Structures are given as C-alpha cells and as structure tokens.
Amino acid sequence: MDWEKDFYEFLMEIICKQNSIRLQMASNDIVTAMQKLPPKHPVNMHRKQYGNLQQCFKAKKNPFFSYTDNLVLLLPKDKMDQLNQHGLVPLYQLYVQTYESVQKKLIEIMKINKENQCQVCGMVYKVLINRQGMCGEEEDQKAHVPMHQFNIL
Ligand SMILES: [Zn+2]
C-alpha cells in the first residue's frame, strides 16, 4: 500500500473538485473531508503517521503545494508543470482541466475586484495594496509579482 500516494491524490482531488475559483483549501475543510473517510482509509493512515496535518505537509518532499497554518495552496501552473515532468504532481490531468476551467472566470473576477495573482507564491492579492513584505515566508519578503497583465483603472 502506498498511503502517501493515496493521501496526495485525495488532497489534489478535493482541492480540484470543491468548485471554487481558487486552487487552495483551508486546513479545516481538508480535515473535515478526511473525517468523512473510514478511520483506516489510506488517507487517514498516512496522516496518522504524523502529529498533525501541518507536520504531515512539512514532511512532504517536493510538494506541489505551499502550506501555511490554515491554508493549502497549489503552486503556480508553471511550477506544477515542472514538477510534473518528474512525476511529482498527483492527478495531473485533473489539475490541468481544473486550472483551465477556472482561469478565465478567475481573470474576470480579479479585474472586477482590482486583484491579480502572484507568479511567485500563487496568492491572489489586491493590486492597490501590494507592497514589499507581502510575498513569501522568508525574512526578505518582496511584493507579489503579477501573473496577468491587465490594466487596473
Ligand atoms: Zn506572492
């Protein structure tokens, strides 16, 4: 049995199928989804090897997501494509389908909300308040880098 494979396929699937325009998911929602599975399901068996979800994610080598205390965020498309070349993205076809279907809708909504998506961290941010220190988790934080080139009037 490959618990880790099952676990990360499950993670990808619930993020892709939540019918959200953002390829991210709150930890609480992930835990809720896991609790709907049987306790001995491979997904839960994998998680139980760690103290909590956070430690579980920290142990993942070459993750296809970034993780903060309460949010799992899929990496930007170009990084996913790079990882996929090494077979490191579970359910890649599902991911690509989902990415493409949400992209057009997302861009329209971002324009309306004066938002853009960051090339570096993948986060959607308010363009008008983007500044040094908002992107990433390192000490030397920079401003988010816009992925989509459109004018915000
Ligand atoms: Zn960023």
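**Ground rules.** I number residues from 1 along each chain as its sequence is written. As the model is predicted, local features need pLDDT of at least 70, side-chain atom pairs count only at pLDDT 80 or more, and totals for chains, interfaces and linings use all residues.

**Strand 3.** I began with strand 3, residues 71-74. Strands here are DSSP runs of E, at least two residues, numbered from the N terminus. I looked at which way the side chains point. They alternate along the strand. Val-72 and Leu-74 point to one face and are buried.

I then looked up pairing, which takes at least two DSSP bridges between two strands. Strand 1 (residues 24-26) pairs with strand 3 in the antiparallel sense over three bridges. There, Met-25 stands opposite Val-72. Strand 2 (residues 65-67) also pairs with strand 3, antiparallel and over three bridges. I found Phe-65 opposite Leu-74. A hairpin of three residues joins strand 2 to strand 3.

**Glu-115.** I moved on to strand 4, residues 115-117, which holds Glu-115. Is Glu-115 buried or exposed? Glu-115 counts as buried because 20 other C-beta atoms lie within 10 Å. I listed its contacts (C-beta atoms, placed from the backbone, within 7 Å). Leaving out residues up to four places away in sequence, Glu-115 touches Met-110, Val-124, Tyr-125, Lys-126 and Val-127. Last, I checked Ser-27, 88 residues from Glu-115 along the chain. Their C-alpha atoms are separated by 24 Å.

How values were computed
Helix = DSSP H or I, 4+ residues; strand = E, 2+ residues; numbered from the N terminus. Buried ≥ 20, exposed ≤ 12 C-beta atoms within 10 Å, placed from the backbone. Contact = placed C-beta atoms within 7 Å.
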